Amino acid sequence: MGAQKPFRVLIVGGGVGGLAAAHALEKAGIDHILFEKGEIAPALGASIGIYPHGARILQQFGVFKEVNDETFPIEKSKDLLGDGSVFRQSDLFEYLVEYHGYPTPVLERRRFLEIMYEGLSDKSVIRSGTEVVDIIDSEENVKVVLADGTIEEGDLVLGVDGVHSRVRSMMWRNANTIVPGMITANEKKSLYTDYTLLLGLSETKPEMSQSTLTATHYHGKSFLTIGGKKHTFWFVFFKQERKHWPGLPRWTQADAEKKAAEVMDCPISETQVFGELWKTAIRTELVNVEEGLFKHMFFGRVVLAGDAVHKMTPNIGLGGNTAMESVVVLANLLNQTIKESPQGKPNAAALHRMLNEYQRLRLIRAKQFIEISGLVTKMQAWENGWYKFMTRIVPFLPDTTFANHLSNLLRGAPKLDFIPVPGNPQGTVKWDDDVFEAKQREAKSGSAFGRAVRNILSWTTTPILSLAAVYSVFYMVQGAKALSQTQTVVNT
């Protein structure tokens, strides 16, 4: 009998989540291969922002310096009315550096993917131009069928192939074949869109800000612009009638030009109108702004991460960071499970327990990100009078209120738990897992360590708006209403 093959992960998708998974598995020494049906780093999308918790992961991957050098970190944020007047300015990003030791760079998504690819030690595991057309799942292993008819065998398929995930559809099919009715129609309809998004990037001109994020608020639409060293990234959100998967519309460049014509004269800063950015655009797209969380993140030997399973609106910019979080959590659990398994080969039962834990951890955190991201989108576009009211309260709240709530979210983020953070940049706020690890070291003397440090998930928020404080106002108003109703009942 030949030697047993090592545990092997088949990654499907070469975007942010896929390349992050390749880095994480490479660091863990877990055999893997990545299939991407197109090219690596295509000229699609606009930007990606890296928050401190994402930066810490990239520091472990060894690519954060290259990412940060590519642009100027965001320093300021502004909120504007439709006439171009500023009603709020924030120094939030300076607090984030103070608290967590990392800046918040925003760079072109394509360049980010190039840096991620270039940072891999072994690029032979990346197979671009290779489409996966079927998945054959069994108790012993899992196989993917490629478009050319060849078959690759492994022990786990990781689907990080985006919001239109083909892996997800094949997982659903396999699940309902083996357990009829497991994936319901309602779960499939969890993915929906309320907004369309016109996005693009333009060359940053000398008169443009190179480190400011600006949100401009209108009724039923909003603008977001982010200045950078090389490019200015811009996004225009339009409220639309809700559509569910699989009936999401498809858009053409002609549709994009029609939408742009509607907003050419809209101010997007104190000195610019949108038409100035549009006329100098390097590339543009009109896309759906999908939202959704699927409760089944895995079935059998197939697991999902990134937009394939937890999709959020991009106003906060948490989507890419959340995808990296998910693959890091999966890599940590997988690394531990392999080490605990005979000959490093987890059986189906051990794999199921591990994936169930992954799903439990990620459903909670992803739900928070999706809900708060959607709230920001509604507030920026003044979807109704209540969201506009909340937006206008924000200028009266100090930056530190919001910064502290955001810090509570960031400090609970995961990192790879089997390698150190090179340089380990520190701020005034310690990461929860660093505190946990320090207490574990102290507990080795023999006293029982009875309290696990848990991720703080009660708040997530946005560098644009102090949403935590807005929520506080909301609950105070609701409480006042409830008290008034109680007194009315008593008096009657």
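Guide: H1 and H10 are roughly parallel to each other, a term used for angles under 35 degrees, with over 145 called roughly antiparallel, 65 to 115 roughly perpendicular and the rest oblique. This is a predicted model, in which local features need pLDDT of at least 70, side-chain atom pairs count only at pLDDT 80 or more, and totals for chains, interfaces and linings use all residues. Residues are numbered from 1 along each chain as its sequence is written, and side-chain values use heavy atoms, with hydrogens and water left out.

Helix H1 covers residues 16-28 and helix H10 covers residues 319-340; helices are DSSP runs of H or I with at least four residues, strands are runs of E with at least two, and both are numbered from the N terminus. Two packed helices are described by the angle between their axes and the distance between the axes. Here the angle is about 30° and the axes are 9 Å apart. Each axis is a line fitted to C-alpha atoms over the stretch in contact, and angles run from 0 to 180 degrees between N-to-C directions. The crossing is right-handed, which means that the near helix is turned clockwise from the far one by less than a right angle.

On the H1 side, the residues that meet H10 include Ala-20, Ala-24 and Ala-28. Among their partners in H10 are Met-324, Val-327 and Leu-334. By class, this contact has 11 nonpolar, three polar and no charged residues. Nonpolar here covers Ala, Val, Leu, Ile, Met, Phe, Trp, Tyr, Cys and Pro; Asp, Glu, Lys and Arg are charged, and the others, Gly among them, are polar.

Leu-334 is also one of the residues with the most contacts inside the largest nonpolar core, along with Leu-58 and Phe-112. That core has 119 residues; a nonpolar core is a set of buried Ala, Val, Leu, Ile, Met, Phe, Trp, Tyr and Cys residues joined through side-chain atoms within 4.5 Å. Met-324 is in contact with Leu-58, where contact means heavy atoms within 4.5 Å.

Helix H10 also holds Asn-332. At 9% relative accessibility, Asn-332 counts as buried, that is, under 20% relative accessible area, with exposed over 50% and partly exposed in between (1.4 Å probe, protein chains only). Leaving aside neighbours within four places in sequence, Asn-332 is in contact with Lys-415, Leu-416, Asp-417 and Phe-418.
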